[in-house]
Amino acid sequence: MSRSPGRKQENHKISRELFVLTYGALVAQLCKDYEKDEDVNACLDRMGYSIGIRLIDDFLARSAVKKCRSYSETANMIAQVAFKMYLGVTPSVSCNSATGNEFSLILDKNPLVDFVEELPAERASLCYCNLLCGVIRGALEMVHLAAEVTFLQDRLKGDAVTEIGITFLRKPEDRKHRR
Amino acid sequence: MADEALFLLLHSEMVAGLYRAAEQGEGENGRCTTKLESMGFRVGQGLIERFTKDTARFKDELDIMKFICKDFWTTVFKKQIDNLRTNHQGIYVLQDNKFRLLTQMSAGKQYLEHAPKYLAFTCGLIRGGLSNLGIKSIVTAEVSSMPACKFQVMIQKL
């Protein structure tokens, strides 16, 4: 079967669209099952966590990156390597706090909401992409970094950009090799 | 491609999550398969629209089934259907000897009783795809030895 060169790109796009459409169907089903937005958000976060703890293996196997030496390196790794690899976008990273453990990933293009125009009126506080937060949290936990990940801004709720905030929680024992 | 891993993980998490919720909640186990199938239906409808935007019109039913077996399956599962059989009277059997969603689970008879849960979404996917191509059908799946499985498509004549 002869294929034009453009077809390969299209096939990649369609693979990604499969994921996006499946995610949309999942959120729709959860909205039918649970009445409260908080329950749906919690469920998405939990599912994301389970995915994250497995995804990290796949990520490390594919990317073969070395150990990150600082929180900002980790945040950059997530934005520039992981997001690019799995979602095809590269969010920009900014550091929010003087202590150097709060970061923001700013996404101006979020592929997960490609087919979503707006949230329905009765679901105003739904965090549509909450799965992403769970994935990041789960993946970080598997490399022994505890973090809290939440959405700070969401384009679907009317903000200008989508912003994910990652707060690294310090472990009880101090991190060695800090310079 | 990395997207595969994401979809595989999302799919297995969906199945696990739905069944876990059913156990803790009202215990309506039969509904889970229906929910998964209807999710697959919706995704199949959307996907086939995106996919067949630029392709030529299909000549007949068999042509559509061949498209599903070759192009559609390759894009979604990175391989073609291994065997397509039909009785030329509206029943098609698609056989996949190494179904992507089952390869990670086992190679043989272990976990056989859990396999149907992981096939429901794909049955819906096929049914949704066919529905948007104008074919009404019923799709079922059976597994006798992982990771090979068969999808049976029964075309409903209106």
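Which element gives the most to the lining of the largest cavity? H1(B) does, with four residues; the points below set this in context.

1. Basis of the note. This is a predicted model, in which local features need pLDDT of at least 70 and side-chain atom pairs count only at pLDDT 80 or more, while totals for chains, interfaces and linings use all residues. Residues are numbered from 1 along each chain as its sequence is written, chains are lettered from A and ligands numbered from 1 in the order in which they are written, and side-chain values use heavy atoms, with hydrogens and water left out.

2. Architecture of chain A. Chain A contains four helices and four strands, arranged along the sequence as α-α-α-β-β-α-β-β. Helices (H or I, at least four residues) and strands (E, at least two) are DSSP runs, numbered from the N terminus.

3. Dimensions of chain A. A compact globule of 179 residues would have a radius of gyration near 16 Å, and the 17 Å of chain A agrees with this. The radius is taken over C-alpha atoms, and the globule rule is 2.2 Å times the number of residues to the power 0.38. Along the principal axes, the C-alpha atoms of chain A fill a box of roughly 55 × 50 × 30 Å.

4. Of the 179 residues in chain A, 48% are buried. Buried means under 20% relative accessible area, exposed over 50%, and partly exposed in between (1.4 Å probe, protein chains only). Among contacts (heavy atoms within 4.5 Å) in chain A between residues at least 6 apart in sequence, 58% join residues at least 24 apart.

5. Helix H4 of chain A. The 13 residues of this helix (residues 130-142) should span 18 Å at 1.5 Å a residue, and the end C-alpha atoms are 19 Å apart, which agrees. The expected span is 1.5 Å times one less than the number of residues. H4(A) is mostly covered, with 10 of its 13 residues buried, including A:Leu131, A:Cys133, A:Ile136 and A:Leu140.

6. Positive phi values. A:His144 follows H4(A) and lies in the loop between H4 and strand E3 (147-153) of chain A. Its phi is near 65°, a positive value in a residue other than glycine. A:His144 counts as exposed because its relative accessibility is 59%. A:Ala64, in the loop between helix H2 (37-63) and H3 of chain A, also is not a glycine and has a positive phi of about 50°. A:Ala64 counts as exposed at 61% relative accessibility.

7. The whole structure holds two cavities of 30 Å³ or more. On a 1 Å grid over the protein atoms alone, a cavity is a set of points where a 1.4 Å probe fits but cannot get out, and a pocket is an open set with protein on both sides within 12 Å along at least five of seven lines; lining residues have an atom within 4 Å of a point. Grid points are joined across faces, edges and corners, and a volume is the space filled by probe spheres set on the points. The largest cavity has about 100 Å³ of space, and its lining includes A:Ser15, A:Leu18, B:Phe7 and B:Arg100. Helix H1 (6-33) of chain A, together with helix H1 (2-24), helix H3 (61-77) and helix H4 (100-103) of chain B, are the elements that give two or more residues to this lining. By class, the lining has six nonpolar, two polar and four charged residues; Ala, Val, Leu, Ile, Met, Phe, Trp, Tyr, Cys and Pro count as nonpolar, Asp, Glu, Lys and Arg as charged, and the others, Gly among them, as polar.

8. The second largest cavity. This cavity has about 30 Å³ of space and is lined by A:Arg16, A:Phe19, A:Tyr86, A:Leu87, B:Asp3 and B:Leu6. Four of these residues are nonpolar, none polar and two charged.

9. The second largest pocket. About 590 Å³ of space lies in this pocket. Of its 25 lining residues, A:Leu21, A:Gly24, A:Ala25, A:Ala28 and B:Arg42 lie nearest its centre. H1(A) gives the most to the lining, with nine residues.

10. B:Leu18, in helix H1 of chain B, counts as buried at 8% relative accessibility. Beyond its neighbours within four places in sequence, B:Leu18 is in contact with A:Asp33, B:Cys32, B:Lys35, B:Leu36 and B:Met39. The peptide bond from B:Met146 to B:Pro147 is cis, with omega near -10°.
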